[in-house]
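Hi everyone, thanks for coming.

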Amino acid sequence: MTELYVSQVGGATGSIGDPSGRNKERELQSAEIVAENSRCITDNIKTIFDNHEKYFWNDKNGKEPLKPPIVVNNISWYKKMNALEYVGKIGKHFRMGTMLCKESVDTRLKSEHGLSYTEFSYQIFQAYDWYHLLQKYNCRFQAGGSDQLGNISAGHELISRLSRTEVYGVTLPLVKTVSGAKFGKSAGNAVWLSPDMTSPFDLYQHLVRTTDADVETMLKLFTFDSVESIGDVCRKHQTRPELWLAQKRLADKVTTLVHGEEGLKAAHLATEALYNGNVDILSQLSWNDVTSVFKGAVVKDLLMEPGLNILQFSL
């Protein structure tokens with residue numbers, strides 16, 4: 001059976017907003033912003049698949065090239081559907097009791113902000129998305145973060161009413177901060193896949209700073225290393241924790257996946273320049289890489305009086 005990798009971006013649902021994991025309604029974005037976000041996310045997905053095949057698939061396994069992912073935007077089918085078709089064709093298959101029992105809905109209904117119909121309807125859209133992808137691409141598996149369990153189960157329920165095809169939902173653990181908050185753009189702590197938003201150096205440093213308690217889990221979640229090799233590197237790390245062997249392994253693999261070998265090289269050079277004092281390396285970096293190294297540095301404005309020389313100024 002031919003395997004297809006279908007990834008969906010939310011040109012339509014991005015205009016609604018998922019209430020999962022949120023204590024109030026998100027600000028609605030304009031159609032132009034949602035379209036631009038969808039385009040950028042599509043580029044990120046394709047880049048990661050390209051890097052995966054280039055650096056982790058053929059060279060390592062000698063396998064045939066992977067089929068490129070199919071990236072679809074759900075605005076392409078919703079823009080053809082009117083309100084009556086939405087209510088009559090999709091909405092009639094959902095039961096209010098079941099929808100109200102979803103954790104994301106129940107939590108928001110009990111909050112001071114409540115829940116608008118816009119956000120309440122999100123699970124219907126995500127459910128129909130899966131049904132649409134099943135019909136067009138035979139998409140029988142849907143993967144998402146653990147906070148998407150309610151939305152994924154809504155899709156499973158809808159498909160069970162409309163099709164005899166067996167489908168399966170897979171949830172993955174969320175990566176959270178030390179305080180327990182999840183990473184994301186809405187939370188203001190996102191690590192971006194675009195080099196314009198998070199440079200290879202910043203991504204590399206973020207991963208190198210992973211705590212010893214989390215690094216093994218992160219290696220299992222974000223690298224293609226075997227469980228055995230991850231166990232080996234973690235045991236070596238425990239003998240010499242000051243070398244950060246596990247963290248550097250994580251940072252190398254993920255930075256390569258997101259930015260390719262050129263991005264990893266830039267991250268290594270910037271790290272060498274900043275932390276080992278090898279400033280000559282800066283000449284090998286792009287302007288964006290150099291600025292990322294000094295981002296957040298303390299800057300002070302000093303006023304020099306006329307006639308003051310450099311020696312006097314330094315004193």
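Let's start with two residues: Tyr86 and Phe125 are both buried, where buried means under 20% relative accessible area, exposed over 50% and partly exposed in between, using a 1.4 Å probe and protein chains only. Before going on, please note that this is a predicted model, where local features need pLDDT of at least 70 and side-chain atom pairs count only at pLDDT 80 or more, while totals for chains, interfaces and linings use all residues. Residues are numbered from 1 along each chain as its sequence is written, and side-chain values use heavy atoms, leaving out hydrogens and water.

How many aromatic pairs does the structure hold? There are eight. Rings of Phe, Tyr and Trp (its six-membered ring) pair if their centres lie within 6.5 Å; planes under 30 degrees apart count as stacked, over 60 as edge-to-face and the rest as tilted.

Take Tyr78 and Tyr128: their ring centres are 6.0 Å apart and the planes meet at 50 degrees, so this pair is tilted. Tyr78 sits in helix α2 (residues 75-78) and Tyr128 in helix α7 (residues 122-137), so the pair links distant parts of the chain, 50 residues apart. Here, helices (H or I, at least four residues) and strands (E, at least two) are DSSP runs, numbered from the N terminus. Tyr78 is buried at 10% relative accessible area, and Tyr128 is buried at 8%.

Back to Tyr86 and Phe125: this pair is stacked, with 4.9 Å between centres and 15 degrees between planes. Finally, ring pairs join Trp77, Tyr78, Tyr86, Phe125, Tyr128 and Tyr131 into a cluster.
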